[in-house]
Amino acid sequence: MALIAILPGDGIGPEVVAAARQVLDALDLGLTFEEAPVGGAAYRAHGHPLPPATLDLAKRADAVLFGAVGDPEFDNVAREHRPEQAILGLRKELGLFANLRPAKLFAGLEDASALRPEVAAAIDMVIVRELTGDVYFGEKGRGTTADGLREGHDLMRYDEAEVARIARVAFETARTRNHRLCSVDKANVLETSQLWRDVVIEVSADYPDVALTHMYVDNAAMQLVRNPGQFDVIVTGNLFGDILSDQASMCAGSIGMLPSAAINQDRKGLYEPIHGSAPDIAGQGKANPLATILSAAMMLRHSLGEADAADRIEAAVTAALVAGHRTPDLGGTATTQDMTNAVLAAL
Ligand code: NAD
Ligand code: IPM
Ligand code: MN
């Protein structure tokens, strides 16, 4: 019997994870669930955002369903105690180097997109974001210059093995789709990016059936708004992928719609919405639970071999949207539970 670690976290995290849990329970797949505190909630209870027992559960589990972490209350505490360190620590400790962030426009959401309906309708891409390297995990620090000025630095760094393995995941992903891969970098300025581009080109020799293109990240941000339908699979580094996926989410209707899978070499995974803890709407029943419900579907598909159940969830989400259910981020008035009920009814 598969064990699922449930890590709700902060803000709307517990609200959207509870919604996904209802959907998983309704499918009656014989899964076992074990819950643990993470982020600010864990810091309050145990003095650490990623307590050893939580990390241990994540390692023992067959898959992790994660909500979100982050709370303005902790914005000024030492970095190692901030809630966000929990998700960074989980990614690093579990070796979750590949982050799959599918962005597609669900039927009926053309009006929710920030783009013109006919432009938005064509959105169907997967952003493959490298997740355990880059400026996120390079040497960082604060100091004082010779002139007595405060200074801060974060090293952007990749080695060729890190680039090659994420490139392979991206090429493999493109093979399951339309065989087009766009690698996004800033090779015109950054050495890290030139290495990235060189290695992606080397790896492409093993994937002659995938059409590889390259794009600078500033242009990619523009193209995502101009003509998002041109993208099939995007592969990019940790920081660029973080930014571009939030942008892609709004093109597809809302940040409350985008799920993600963070997987390692063994395809063990942590599944979470791409959004954060949304302190501005926490506790009000306004959060869109669909990104987390769709993350649960990705978990069933990628880590648990339950493709049929994943298909059922995705079909139920589509049905709920086609039936007109809309949380406030999608321009409606449905509560988190209303939307969850609509998905449950459609299952
Ligand atoms: P955010 O994603 O939490 O929120 C940005 C905006 O989108 C807010 O207006 C919010 O209300 C809205 N939003 C987000 N998710 C929504 C949903 N499901 N339904 C409806 N509206 C939604 O980003 P932020 O405000 O920059 O960050 C808030 C906190 O979350 C910070 O502490 C940040 O570090 C953290 N964060 C955590 C994760 C994570 O746990 N993986 C991801 C992103 C941000
Ligand atoms: C995300 C978040 C995280 C990131 C933060 C909270 C560390 O923005 O999951 O997209 O930057 O990766
Ligand atoms: Mn982000």
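# A tour of the predicted model

Select proline 259 first: proline 273 of strand E12 stands opposite this residue. Keep in mind that you are looking at a predicted model.

**The strand pair.** Now extend the selection to residues 259-263, strand E11, and residues 269-273, strand E12. The two strands pair in the antiparallel sense, over 5 bridges.

**The whole sheet.** Next, show the strands around that pair. E11 and E12 belong to an open sheet of 10 strands with mixed pairing. Walk across the sheet in this order: E2-E1-E3-E12-E11-E4-E5-E10-E8-E9. Stop at the edges, which are strand E2 (32-35) and strand E9 (211-216). Each edge strand has a single partner, so one of its sides has no neighbour in the sheet. On average, neighbouring strands are turned by 25° against each other, direction ignored.

**Helices on the sheet.** Select residues 13-27, helix H1. H1 packs on the sheet and touches strand E1 (3-9), strand E3 (63-68) and E12. The direction of H1 makes about 140° with that of E3. Then pick residues 290-302, helix H10. H10 lies across E3, E11 and E12, and runs at about 160° to E12.

**Two domains.** Colour the chain in two parts. Domain 1 covers 1-112 + 256-347, and domain 2 covers 113-252. Their centres, taken over C-alpha atoms, are 23 Å apart. Domain 1 brings 22 residues to the contact, and domain 2 brings 26 residues. By class, the domain 1 side has 14 nonpolar, 2 polar and 6 charged residues.

**A helix pair.** Move to helix H8, residues 217-226, and helix H9, residues 238-251. Their axes come within 10 Å and cross at roughly 10°. That crossing angle is why H8 counts as roughly parallel to H9. Show the side chains in the contact. H8 contributes Val217, Ala220, Ala221, Leu224 and Val225. From H9 come Phe240, Leu244, Gln247, Ala248 and Cys251. Of these contact residues, 9 are nonpolar, 1 is polar and none is charged.

**The ligand.** Finish at ligand 1, which has 21 residues around it. Which of them come nearest? Select Gly70, Gly256, His275, Gly276 and Asn288. The shell as a whole divides into 11 nonpolar, 6 polar and 4 charged residues.

Terms used:
Residues are numbered from 1 along each chain as its sequence is written. Chains are lettered from A and ligands numbered from 1 in the order in which they are written. This is a predicted model: local features need pLDDT of at least 70, side-chain atom pairs count only at pLDDT 80 or more; totals for chains, interfaces and linings use all residues. Domain bounds come from an automatic or database domain assignment. Two residues are in contact if their C-beta atoms, placed from the backbone, lie within 7 Å. Ala, Val, Leu, Ile, Met, Phe, Trp, Tyr, Cys and Pro count as nonpolar, Asp, Glu, Lys and Arg as charged, and the others, Gly among them, as polar. Axes are lines fitted to C-alpha atoms, for helices over the stretch in contact, and angles run from 0 to 180 degrees between N-to-C directions. Helices (H or I, at least four residues) and strands (E, at least two) are DSSP runs, numbered from the N terminus. Angles under 35 degrees count as roughly parallel, over 145 as roughly antiparallel, 65 to 115 as roughly perpendicular and the rest as oblique. A residue is near a molecule or strand if its C-beta atom, placed from the backbone, lies within 6 Å of it. Two strands pair if DSSP finds at least two bridges between them.
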